[in-house]
Amino acid sequence: MHCTTAVLLMGLLTNAAVEITPTTGATEASTTNSPPPTVFRNTMTTKTRPGTRRKSGSPMLNYIFDSYATSKQHFHDTLKAPSFEGDLSSETIMDADTGSTVLFDCKVSSLRDKTVSWLKVSDENNLELLTLNLITYTADSRYKVDLAGENWKLSLSDAKSKDSGVYWCHVSTHPPMLRVFRLQVHAPDMKISKETFLETGETLSLKCMVFNLDPGDVTPELFWYRGNNTTALDEVRGGVLVETDQLTLTSHLQVAQLKLEDAGNYTCALEAPLHMRATTRVHVLQGSSLAELQSGVKTTTSYISLLVTSLLIVLGARHHDVR
């Protein structure tokens with residue numbers, strides 16, 4: 001079956017005046033010396049005949065499958081034509097997290113002898129052939145195609161930001177049928193608690209969370225560091241509690257009985273499945289006159305007022321010394 005399909009594809013491409021980036025053939029998994037992807041480049045334009053259905057946005061594909069349909073007529077072409085299931089009024093918008101598995105569904109009824117292929121639109125003129133029927137043509141092993149009933153399902157594992165773009169489910173009718181999917185893979189992000197002012201003896205509480213990341217089968221690893229230390233905080237100081245939820249990728253740090261030396265930069269670090277860091281500043285103050293900074297109504301204004309007051313005292317003392 002693979003040979004027959006390959007011969008058919010080569011025959012179609014030979015008859016079309018198109019430029020094709022060569023590949024060594026179908027593959028199910030990528031290697032270190034993977035062949036380049038099969039990419040079609042448009043080198044011609046076509047005119048739309050009056051009374052015909054709207055064709056795809058690729059003149060090259062229209063040419064190939066128009067030629068095929070003209071030369072390969074069958075007695076049962078008058079039967080029910082192939083059709084997509086579902087709402088086809090607009091392209092399907094899909095969102096995915098980095099590292100997740102994306103599933104594209106393309107249900108085709110009454111397919112008969114037509115072929116189904118999946119393509120990725122690299123830009124306005126270039127198409128990368130991912131699969132043809134059940135054969136995988138891309139060297140990227142993250143792509144797989146499967147047939148469940150009438151559903152030609154394309155799966156993309158370990159999704160990355162670079163995978164964002166337009167995907168086509170293509171049926172070799174006359175003119176070609178296209179179902180369009182627009183995928184957006186969101187880049188991971190990390191957020192951490194804001195800058196904090198506390199007094200000695202209090203308990204520090206910081207949280208950080210990772211967004212838009214699916215760790216898959218990898219166990220997430222989140223650690224806390226202070227300053228330039230490369231050893232986790234809970235290993236170098238007593239009274240430290242770290243609670244991490246691996247499902248929500250959230251980590252909560254608590255440091256009891258703060259001391260002046262506990263002030264500094266605190267970093268929440270994701271070590272697996274990828275590396276990300278977020279840092280916040282912790283101030284440890286001493287003296288009852290600074291208690292308002294850790295109250296529930298602490299504001300930037302109160303902190304500035306305190307600094308201005310201190311500055312006036314210093315200037316007053318210097319003026320007294322001069323006199």
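User: Is E271 buried, partly exposed or exposed?
Analyst: Bear in mind that this is a predicted model. E271 comes out as partly exposed, with 21% relative accessibility.
User: And which residue does E271 form a salt bridge with?
Analyst: That would be R277, and the closest N and O atoms of the pair sit 3.8 Å apart.
User: Why does that pair count as a salt bridge at 3.8 Å?
Analyst: Because the cut-off is 4 Å between a Lys or Arg side-chain nitrogen and an Asp or Glu carboxyl oxygen, and the closest N and O atoms of R277 and E271 are 3.8 Å apart.
User: What about R277, buried or exposed?
Analyst: R277 is exposed, at 56% relative accessibility.
User: Is R142 buried or exposed?
Analyst: Buried: R142 has 12% relative accessibility, and the buried class means under 20%. D140, at 24%, is partly exposed.
User: What does D158 pair with?
Analyst: K160, through a salt bridge whose closest N and O atoms are 3.1 Å apart. D158 is partly exposed at 36% relative accessibility, and K160 is partly exposed too, at 32%.
User: Last one, how many salt bridges does the structure hold?
Analyst: There are 8.

Note on methods: Residues are numbered from 1 along each chain as its sequence is written. This is a predicted model: local features need pLDDT of at least 70, side-chain atom pairs count only at pLDDT 80 or more; totals for chains, interfaces and linings use all residues. Side-chain values use heavy atoms; hydrogens and water are left out. Buried means under 20% relative accessible area, exposed over 50%, partly exposed in between (1.4 Å probe, protein chains only).
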